Amino acid sequence: MEHLLELKNIQTEFKTDGKRVRAVDGVSMYLDEGEIIGIVGESGSGKSVTMMSMLQLISSPGRVTGGEVYLKGEQENVLNYGSDSEEIRRIRGGKISMIFQEPMTSLNPVLTIGYQIQENIMEHLNLSKEEARKQTIEMLKMVNIPDAEQRFHYYPQQFSGGMRQRIMIAMAMSSHPTILVADEATTALDVTTQSQLLEMIRDIAKKTGTAVIIVTHNLGIVARFAERIYVMYSGGVMEMAHAEDLFSHPEHPYTRALLRAIPRLDDPKERVLIPIEGLPPNPAERPEYCPFYDRCEYRMDKCKKEIKPDLKEIRKDHFAACLLTEEEKKQKKREIDEKEVKKAPLRKAYKENCLEVSNIKKYFPIYKGIMRKKVGEVKAIEDITFFLKKGETLGIVGESGCGKTTVARCLMRVYEPESGTILFKGREITHLKDRELKKIRPKIAMIFQDPFSSLDPRQTAESIVGESLKLNGAVKTKEEYHTKVDELFRLVGLDPSLKGRVPHEFSGGQRQRIGIARALSSNPDIIICDEPISALDVSIQAQIINLLEELQAKLGISYLFIAHDLAVVKHISDRILVMYLGRIMEIAECDELYNNTLHPYTKALLSAVPVADPVVEAGRKRVPIRGEVPSLTKRPIGCPFQDRCEHAKEKCREAVPPLRDTGGGHFVACFLYE
Amino acid sequence: MGIYILKRIAQMGIILFIISVFTFMLMSFIPGDPVYAMMGEEVSEEEYQRVYYELELDKPVIVRYFSWLNKALHGDLGQSTQFHKATSEVLGERVPITIYLAFLAFLISIPLGILFGVISAVFRGKGLDNVVTLIANITACLPQFWVGVLVMYVFSLKLGWLPSYGFSFPWDGDIITSLKQTAMPLFCLSLGGIATTTRQTRSSMLEVIRQDYVRTARSKGLSRRKVIFVHALKNGLIPVITILGMRLGSMLGGSMFVESVFSIPGMGSLFVKAITSRDMPVVQACVLITALVACMVNLLTDILYAVVDPRIRVE
């Protein structure tokens, strides 16, 4: 049978520092008509570069050095067309459309969205300007852009991220392509928007018979949406199978390891994440043998002796690139299972509250005009009330703009709340002056999201970690300082001999460990973790999560864990606090929140998170959610969620529901449960 | 958009006011007796007294400033001490020449600079880019008077193709003569402009070409020409506009050298002469006119910004 699209042995090279780096190293894949396939892989695995190579969009100094691309209807290898030839341009955008990751930068800021879509239609469908305009408006309506006629003349920056990505979908679909490539199309968006968009892509594709390639690092997304999946690692395909088969019977050691390393929303509480040790190979120094060898638990001596294995069929429609035979793999698996799995560290539960927050508010003034007159306020957070026990982890989840970070900054006393009280170990710190705060500050530490920009690039690791030791007078002598720094390094799993290095000499995971060591150096009672793992690759995330859990068991620290990834939050937290537009919607124990979800927003949020298992996905009830998160300045009167809630009643529009205890420490702010 | 322009005009008014204060102080604070500066050292007692009161030197500075400003607003900028006629009359002959030259040089250099910049960015790293960049880098550093002297030596002295001095407008008589007279001055004036615009356009285009929306445009299958001229250039021009204002300013400055070299009776050469002969009213007038032109250009630049970049236009 002829495939709609077939890539054979694609090879793409980049030149960096005079070295040739093979970003894509012999990738073959196919796509059939109307099919939705997923390509998953960590950053640097070559998944996007493969797609770009296919369309000859690789720009210099990169170069496709080999391979063939066959597209139904084209007589010859598409790579033989020149990179700017009439033929390839007919395919680009005409037969194969792409949607890119960053909706903020992927649309041209100086052209109206209408122009940008219309241009695509005129280019590929040979329609007059007037007809193209009509079609553009239809496309905009199809992706649910309200007032399409007027919005035609709007510029991209007048839309929210989710809307822009819908415009991208409209643009990509406007030329009636046979293949749509969604390259991390929803990665930068909130979970509820993400699932709205992917569902839209799927529905449109099924309606028009368009085949879709979803490129992502998120295993949950491919489990929910893809029919067939390619797993990529270090420039090559490791495994290919149908979605159910891949998740129920993963064959390649990498896929198996990956599935053991990621937390899932439906995990039992005691699940232990097993991280993949080490780092992906540097593509400039990739070995001739299997690129996963160094991190593989199944590795045998023969793996290192032979060259990189090709994909081979293990059973019908299931391919894996591994040299081991079924027997060998079974044997190895038995050995691995027998190895004692490090149990989740036992944590002591303490009774006393470390932090008590009641009714804090933070408003930001809006200034306008030359005289900077105050014209209004952004009510960033309102009536935030919660407590945090010693040795406990409280997860804070919510979509962007919900005030998670503002809460954290109020607790750190970077901001002074307008009203309310913050009690730290029974002591009020709400309005303390800087000088009085000096004693409190070391006790509440912070770990930041971006391990690249949150460390001073000119400071050595040692001085980053040791700075606060000196600052707080925790050490008396030089000797003591060095022992303490070494101890901190060892505590976070770093070799103390690396302490003379500067941040860019470390990998992302190591940098985050330095960030953790820095937070620990002042011997804090509370660490506020603001998205500490979202910038890391999936295989590294598990290492950091495990480290945080171990440290907590060892040192009895309380964590305030802020993240948008619900699976991770659920894995690490004891209790979860759900925020929406500056208010608390629900607080509950982890399992209670998942099994007995009360608030309609929490329900929608949980349902939007895809689980990395197609069987579970198929059985899950979906709770649809309307619209997008409005801007804080447009927060509705009454319940902030009312205009997106299907249960909204008169009462919800008039009054803000108070946060009530429904029993067993499960708090919810909703009139449904009065 | 309307409010935006009004705001800019208001700002311009404030800036011009401040400049007028400084310009006025130029005369008050300069060392030496302004009467001697005007009339020369050998002035009779009555003459001295007459001029002293004429210049209102008996009154406080603030009063003098406002009376000066009032007169200036009515077009009376005082008497030129070297030409012994009204400053406005002196300038009236000179300013159009300089404006004409600077404007033409501006019109020549900007499109050419943008063109070369785009070419060099599109062919980045290739031979053509290297040649353009090298020439642009060299010419950007060449002093205008040196180029002036050089071309005069080649084209007037050695080849004898072009006259080495003189100026006439093309509309008062012979177009050919006028073109011949202005060819070299224009060349000198626009050279630096071309070079800086080329460099600015190149670097901003290189920046823009890497952007995601250019990749999007390419993935739509648009032709290279459309990608470059519709999607990239419109964005790439935004930083170039910033330097346009500065270019006109430096062209007015450059006219001092170029007009001196080619003996063109414009404002530049007048300015130089006025400074050397301490003709304060003329210096003041030149400074004011230059400031006014610079402000106008900045205003135009800001409006142009809003036209090109919708992010400024729509809040």
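**Ring pairs, burial, pocket and sheet**

Guide: In chain B, ring pairs join B:Phe17, B:Phe24, B:Tyr65, B:Phe66 and B:Trp68 into a cluster. Please note that this is a predicted model.

Visitor: How many aromatic pairs does a search of the whole structure find over all chains?

Guide: The search gives 15. One of them is formed by A:Tyr154 and A:Phe159, with 6.0 Å centre to centre and 50° between the planes.

Visitor: What makes A:Tyr154 and A:Phe159 an aromatic pair, and why is the pair called tilted?

Guide: Ring centres must lie within 6.5 Å, and here the value is 6.0 Å. Stacked needs planes under 30 degrees apart and edge-to-face needs over 60. The angle for A:Tyr154 and A:Phe159 is 50°, therefore the pair is tilted.

Visitor: Why is A:Tyr154 called partly exposed?

Guide: Buried means under 20% relative accessible area and exposed means over 50%. A:Tyr154 has 30%, so it counts as partly exposed. A:Phe159 has 5% and therefore counts as buried.

Visitor: Are A:Tyr580 and A:Tyr601 buried or exposed?

Guide: A:Tyr580 has a relative accessibility of 1% and is therefore buried. A:Tyr601, with 0%, is buried as well.

Visitor: How do you know that A:Lys470 lies over the face of A:Tyr481?

Guide: One condition is that NZ of Lys is within 6 Å of the ring centre, and A:Lys470 is at 4.8 Å from the centre of the A:Tyr481 ring. The other condition is a position within 35 degrees of the ring normal. A:Lys470 is listed as lying over the face. A:Arg299 also lies over a ring face, that of A:Tyr293, at 5.6 Å from the ring centre.

Visitor: Why does phi of A:Leu581 deserve a remark?

Guide: Most residues other than glycine have a negative phi. Phi of A:Leu581 is near 45°, a positive value. A:Leu581 sits in the loop between E20 and strand E21 (583-589) of chain A. With a relative accessible area of 1%, under the 20% limit, A:Leu581 is therefore buried.

Visitor: Where does A:His176 lie, and what is its phi?

Guide: A:His176 lies in the loop between helix H6 (161-173) and strand E6 (179-183) of chain A. Phi of A:His176 is near 50°, again positive in a residue other than glycine.

Visitor: What volume does the largest pocket have, and which residues are closest to its centre?

Guide: The volume is about 1600 Å³. Of the 47 lining residues, the closest to the centre are A:Leu57, A:Ile58, A:Ser59, A:Ser60 and B:Arg218. The lining divides into 18 nonpolar, 15 polar and 14 charged residues.

Definitions and conventions:
Residues numbered from 1 in each chain as written. Chains lettered and ligands numbered in written order. Predicted model: local features only at pLDDT ≥ 70, side-chain atom pairs only at ≥ 80, totals over all residues. Heavy atoms only, no water. Buried < 20%, exposed > 50% of the residue type's maximum accessible area, 1.4 Å probe, protein only. 1 Å grid on protein atoms, 1.4 Å probe; cavity = no way out; pocket = protein on both sides within 12 Å on 5 of 7 lines; lining within 4 Å. Points joined across faces, edges and corners; volume = space filled by probe spheres on them. Nonpolar A, V, L, I, M, F, W, Y, C, P; charged D, E, K, R; others polar. Helix = DSSP H or I, 4+ residues; strand = E, 2+ residues; numbered from the N terminus.
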